[in-house]
Amino acid sequence: METIAILGTGLMGSSLGLALRKRNVPVRIHVYARRPETRETALNFGVADAVFSDPVEAVKGAGLIVLCVPVLTIPELAKACRAGLRPGAIITDVGSTKACLNELMTEVLAGTGAEFIGSHPICGSEQQGIEAGNADLYDGAVTVVTPPMLADDVSVEKVSSLWKSAGARVTIMDAASHDRILAATSHLPHVVAAALALSSGDNGLFCGSGFRDTTRIADGSPQVWSDIVRTNAPALKAALKIFCDNLNELAALIDEDNGEKLANWFAAARDKRKELLR
């Protein structure tokens, strides 16, 4: 039976373990977590078959290793488990930016015989911690696999199969294209939600469902989002420019005080949303 190691037991890591268990995937799951209470919970919840306080021990014998930590912690954690990596081991992740990781992980894994194949499951929640784990989190979710240029095809298929076995739909894409697209569809909405929360003053009594729905994702992990912004800055800045251009267009229409043009602006936005989510 193949062993999979999951390093990091927040929402994404715990949900992966639960998804594999629910779907009766024939694997043995090793979990690394720093805190004793988290390791105990991982066993009690059925996230893991075995838990470890040392990443080196967690990855020993594992053919596939999934790093479920903030983007800039991924290379650090990979470096910490180098001594336990077996030749031919495949490392993947759940990070939201990929091009930076491809470069950093190539350096970290040099000489180990292990290979990095990046992944980004496009799903999640503002909830954090192992208690937020959800066996159905990946069900139907798109997961982007972003292999480096010279990646082994068999390794890419193994990573793809992991996510499919957790219920996800897999698409393969180069890292630069992934970062450009996700800057507009994922990273921009998060920073806009954060900016909206910061811009709303002290009027909580009057914050209705529209405010709650629009700003929900601003409740996510500050460390996770700091890392995402830092590792995808050029693409995010380009997306922010387009967003600001649209706001400036709206500001000009407000100054013009033309009801028909304002209605057309909102109609165009409504139609674009329907097209994107169709």
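Predicted model: local features only at pLDDT ≥ 70, side-chain atom pairs only at ≥ 80, totals over all residues.
Helix H7 covers residues 175-198 and helix H9 covers residues 222-231, and the two pack at an angle of about 125°, with their axes 11 Å apart. As it passes H9, H7 makes a left-handed crossing.

Which residues of H7 and H9 meet in this packing? From H7 come Ser 186, His 187, His 190 and Val 191, and on the side of H9 they meet Trp 225, Ile 228 and Val 229. Sorted by class, this contact of H7 with H9 has 4 nonpolar and 3 polar residues, with no charged residues.

Let me turn now to the strands. An open sheet is formed by 6 strands, which follow the order S3-S2-S1-S4-S5-S6 and pair in parallel. Its edges are strand S3, at 50-52, and strand S6, at 115-116, each of which pairs on one side only. Within this sheet, strand S1 (residues 2-7) and strand S4 (residues 64-67) run parallel and are joined by 4 bridges, and Ala 5 stands opposite Ile 65 in S4. Helix H2, residues 36-45, packs on the sheet, where it touches strand S2 (27-32) and S3, and its direction makes about 170° with that of S3. Helix H6, residues 153-165, lies across S1, S4, strand S5 (90-93) and S6, and it runs at about 45° to S5.

There is also an open sheet of 3 strands, in the order S7-S8-S9, and here the pairing is mixed. The edge strands are S7 and strand S9 (169-172), each pairing on one side only, and from one strand to the next the twist averages 25°. S7 and S8 run antiparallel and are joined by 4 bridges; Gly 118, for its part, has Thr 146 in S8 as its bridge partner.

What does Gln 128 contact, once its neighbours within four places in sequence are left aside? The answer is Asp 219, Gly 220 and Ser 221. As for Val 25, it and Gln 128 are 103 residues apart in sequence, and from C-alpha to C-alpha they are 25 Å apart in space.

Notes:
Residues numbered from 1 in each chain as written. Heavy atoms only, no water. Axes fitted to C-alpha atoms, helices over the stretch in contact; angles between N-to-C directions. Left-handed = near helix turned anticlockwise from the far one by under 90°. Contact = heavy atoms within 4.5 Å. Nonpolar A, V, L, I, M, F, W, Y, C, P; charged D, E, K, R; others polar. Pairing = 2+ DSSP bridges.
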